[in-house]
Amino acid sequence: MTDEKLLSIAERFDLEGTIASIKPLGEGFINDTFVIRTEGDAPDYILQRKNHAVFPDVPGMMENILAVTEHIKAKVADPLRETLTVVRARDGKLYVEDEGNFWAVCLFIADTSSFDRADSPELAYQGGVGIGRFQALLADFDKPLNETIKGFHNIRHRFAQWDAAVAADAAGRVASLAEEIGWVESRRREMLDFWSLVEDGTIPTHVTHNDTKISNILFDKPTGKVLCAIDLDTVMSSTSLNDFGDAIRSYANTGAEDDRDLDNVELSIEMFRAYADGYLSQQRATMTQSELDWLAFSARYITFEQVLRFLMDYIDGDKYYKTAYPEHNLVRTRAQYKLLQSMERRYDEMCAIVRELAK
């Protein structure tokens, strides 16, 4: 995209000051991100082209982001730094649509740092603080949010997709996957029973971030403390346990998500404890007993869901996830299943840690 085109899009937003430059920022897998630098003392901005294929309802997504950030702003000491600030277009909308592309702008938060991965218990603890604080600030949020990605982390929805995929056998692979399909089917009842507790309200629903990797936590550079959660495109309503479980799936895996060497893949109980400690330091006061009772299980739930989704995509012929080689989704399936087995073996220990930290 040309500089002139980017400038013409940026100028359609209600920005302060004169634009000095627009440069790419990072290498996002979903959105294209740019930093807008302005002249003088005017603030800088983040400009994003939202991936309309992944997020078919960008207007609904932006409504969600505005609602949760405005709620947080009313509670924090420094509203311009402790959450994102959405900048409207000059026509009052939360986005600009241009030739089928959707663009959004927020304030650039200066003097911050971030990390690509959590490689120590200390950093895992801080990641837990970041997501726990985000959820705690939104514990009393009571407005409806748009479901911008249908059935996200809803295992009943995923099983409906799974059943259709296995029946269709689009890539002709089902016959060779009896063992792997058995992994999924043997846990169907257990996972649906858990989800029924969300559906009947035993486990309450709240605002969830839904992308809890450490790179989505900003740290204040002068103090080193957690500042805020960013990348709020996937914010929706669900059980807050989903965010915890997804974080454990990534933070506490001693191997890679697609590790070919399954000997590398185990649950790090040290990283589990560190993340849970940070998370509960912020969230404990807002959680119900049912949430605490099922907190450790959420890691098994989310990891199982990923086993199902990787295997389902392999059965479908690799249509959803990008793959580097023909067996990539099957390798991912087996690696995630190894992690799931490790979680199941250490589940009593995980539950004991939660009980200890929640006292």
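Reader: What makes up the lining of the second largest pocket, by class?

Author: Six nonpolar, nine polar and one charged residues. Ala, Val, Leu, Ile, Met, Phe, Trp, Tyr, Cys and Pro count as nonpolar; Asp, Glu, Lys and Arg count as charged; the others, Gly among them, are polar. Before we go on: this is a predicted model, where local features need pLDDT of at least 70 and side-chain atom pairs pLDDT 80 or more, while totals for chains, interfaces and linings use all residues. Residues are numbered from 1 along each chain as its sequence is written, and side-chain values use heavy atoms, leaving out hydrogens and water.

Reader: How much volume does the second largest pocket have?

Author: About 200 Å³. Of its 16 lining residues, Glu-147, Phe-152, Met-236, Ser-237 and Ser-238 are the closest to the centre. Helix H6 (188–199) and strand E11 (236–238) each give two or more residues. E11 gives the most, with three. Helices (H or I, at least four residues) and strands (E, at least two) are DSSP runs, numbered from the N terminus.

Reader: What makes a set of points a cavity and not a pocket?

Author: On a 1 Å grid over the protein atoms alone, a 1.4 Å probe fits in a cavity but cannot get out. A pocket is an open set, with protein on both sides within 12 Å along at least five of seven lines. Lining residues have an atom within 4 Å of a point. Points are joined across faces, edges and corners, and the volume is the space filled by probe spheres set on them.

Reader: Why is Thr-323 called partly exposed?

Author: Its relative accessibility is 35%. Buried means under 20%, exposed over 50%, and partly exposed in between (1.4 Å probe, protein chains only). So Thr-323 counts as partly exposed. Thr-323 sits in the loop between helix H9 (289–316) and helix H10 (328–345). Not counting residues up to four places away in sequence, Thr-323 touches Asp-318, His-328, Asn-329 and Arg-332. Contact means heavy atoms within 4.5 Å.

Reader: How do you know that the buried residues of H1 are on the same side?

Author: In helix H1 (residues 3–10), Leu-6, Ile-9 and Ala-10 are buried. They cover an arc of only 100° around the axis, so they lie on the same side of H1. The arc is taken from the directions from the helix axis to the C-beta atoms. An α-helix has 3.6 residues a turn, so residues three or four places apart point the same way. The buried residues of H1 pack against strands including E1 (19–24) and E2 (32–38).

Reader: What makes Phe-115 and Phe-219 an edge-to-face pair?

Author: Their centres are 5.2 Å apart, with 85° between the planes. Rings of Phe, Tyr and Trp (its six-membered ring) pair if their centres lie within 6.5 Å; planes under 30 degrees apart are stacked, over 60 edge-to-face, the rest tilted. So both tests are passed. The pair ties together parts that are 104 residues apart in sequence. Phe-219 is buried at 3%, whereas Phe-115 is partly exposed at 33%.
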